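Please look over the two chains shown here. The report below walks through a strand and its partners, then the chain, its domains and its contacts.

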Amino acid sequence: MTDTTQILRKTPLHALHVELGGKMVPFAGYDMPVQYPTGILKEHLHTREKAGLFDVSHMGQAFLSGDDPARALERVTPADLVGLKEGMQRYGLLLNDAGGIKDDFMTTRLAGERDLYLVVNASMKESDFAYIAERLKGIATLAPQPDRALLALQGPAAAAVLARHAPGIDALTFMKVARAQIAGIPAIVSRTGYTGEDGFEISIAAADAARLARILLKEPEVLPIGLGARDSLRLEAGLCLYGHDIDETTEPVEANLVWAIGKRRKTDKDFPAAEKIVDRIFNGTARKRVGIRPDGKAPARDGTEIADKKGRVVGRITSGGFGPSLNAPVAMGYVETAFAADGTEIDLLVRGKAMPARVAPMPFVPHRYKRAG
Amino acid sequence: MSETRFTDQHEWVRVDGAEATVGITKHAAEQLGDVVFVELPKIGQSVGKGAEAAVVESVKAASEVYAPIGGTVTEVNAALNDDPAKVNADPEGNGWFFKMKAADVAQLSALMTPAQYAEYVKGH
């Protein structure tokens, strides 16, 4: 066991995790359940088949106020936030001045409200909030919400389950957000998630979190799901994990996240390192983030070197493991652009051996979001 | 009479005459979680005491399996290639990893007895 002298923070659901038999591990400064007695494999498969409840209260939530908070926030992200419609959420990248990715985050414009609602990664929240506050000084004010909790209910049964406690909630389609009452508890509910499945993220007061979690866990379709399955689900869905697949040394274009740059933003070039990033869109990058499917059964983990068929190292895996829904190993990583085409044969250097693999399209498991129309 | 001993790296070895069967302990299997891949040694491979002989991977991570005693690999549990979950289902039985011809059975005396291992695991 690792000796940890740091004091771990606890989410409002900590006692519930322990009560449910969660195996607690340090993650982003929090004592979090990596799995419950169900086990990662079954938790993963259950989420794809029915519904899983995740505690993501460690993530950072904040409101951003000001005369025009959307325009203000565009100073630090290439997302089109001015164009974000009421009742909608949008994915964004927080950039440093060199165009490196400081974090990825979600921005919501709630209907009839002037403030924007933000959710950022747990491991980055202090840094993000300080950066945003500093860069937006005088034009917008950031109010972190440490007293809010965040639950994710994910899977094909999530909508039916939530509708039992929040009639009409199914009217929200993918990326829509609304304030709603769930079992009488006031919440901000979005039709979003990070598993590739249909589902919801539910922001509530910390004081209400355990009560709502217990209500949802009583539903026959719902099991509590730990961080282990959250990681394998998002990897199969081809979604980036901050600190692994993207970080301050990676840029949006090589990370294959051009879709997170608004059309108007590309023209106006008014975000950090805009000239450089727009140039990369048109002229390409030296490396690219790609999906990788090993031919064999051995998983290749984060940090594994990727070589061409002559043994020259051409890249590195940034997330890798076993995909329970595919019953096969899956990975993503960066390769020199000449090796980025789907189907390109490569070798993964695992324990000194070259394991054959191929560049493969992502997501590995099709997304099943409930889109409008 | 067979005799089972345990290592501080959570392998078990069961010796019957000069034949030794090796696997990972129930405690190790529980700590690893769902096993999804096992890399077994080659038949005929000679392994020294404490040398890396196999790899076991769960959804979470990869771990090395070390030879509790020295010897020559005579058989591997090929069933684990198709069904690595056997390691979780029956770690100290059907989930064995490999068999070896022990080079020196006396090496066993340095390993933990079942009672000593049970005590050792308590502290972890």
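## A strand and its partners

A:Arg109 has A:Leu116 as its bridge partner in β7(A). This is a predicted model, where local features need pLDDT of at least 70, side-chain atom pairs count only at pLDDT 80 or more, and totals for chains, interfaces and linings use all residues. Residues are numbered from 1 along each chain as its sequence is written, while chains are lettered from A and ligands numbered from 1 in the order in which they are written.

Helices (H or I, at least four residues) and strands (E, at least two) are DSSP runs, numbered from the N terminus. Two strands pair if DSSP finds at least two bridges between them.

| Partner strand | Residues | Bridges to β7(A) | A bridge pair |
|---|---|---|---|
| β4(A) | 60–66 | five | A:Leu64 with A:Leu116 |
| β6(A) | 101–109 | five | A:Arg109 with A:Leu116 |

The hairpin of β6(A) and β7(A) has six residues between the strands. There, A:Gly112 takes a positive phi near 75°.

Strand β7 of chain A covers residues 116–120, and five of its five residues are buried. Buried means 20 or more other C-beta atoms within 10 Å of the residue's own; exposed means 12 or fewer, and partly exposed is in between, with C-beta atoms placed from the backbone. In a regular strand the side chains alternate between the two faces of the sheet. A:Leu116, A:Leu118 and A:Val120 point one way from β7(A). A:Tyr117 and A:Val119 point the other way.

## Chain A as a whole

Chain A has nine helices and 19 strands. Its C-alpha trace spans about 60 × 50 × 50 Å along the principal axes. A compact globule of 373 residues would have a radius of gyration near 21 Å, and chain A agrees, with 21 Å. That radius is taken over C-alpha atoms, and the globule rule is 2.2 Å times the number of residues to the power 0.38. Buried residues make up 50% of the chain A residues.

Two residues are in contact if their C-beta atoms, placed from the backbone, lie within 7 Å. Of the chain A contacts with a separation of 6 or more, 66% are between residues 24 or more positions apart.

A:Arg9 lies in the segment before α1 (14–19) of chain A. A:Arg9 is partly exposed because 15 other C-beta atoms lie within 10 Å. Leaving aside neighbours within four places in sequence, A:Arg9 is in contact with A:Gly29 and A:Tyr30.

## Domains of chain A

An automatic or database domain assignment supplies the bounds. Domain 1 of chain A is 14–57 + 147–236, and domain 2 is 286–360. Their centres, taken over C-alpha atoms, are separated by 31 Å. Seven residues of domain 1 are in contact with eight residues of domain 2. On the domain 1 side, α2(A) gives the most, with four residues.

## Chain B and the contact

In chain B, six strands form an open sheet in the order β1-β2-β3-β9-β8-β5, with antiparallel pairing. The edge strands are β1 (3–6) and β5 (46–47) of chain B, and each pairs on one side only. Five bridges join β8 (residues 71–76) to β9 (residues 98–102) of chain B. B:Glu75 has B:Lys99 as its bridge partner in β9(B).

The contact between the chains takes 14 residues from chain A and eleven residues from chain B. On the chain A side, α2 (40–49), α7 (227–236) and β16 (313–323) each give two or more residues.
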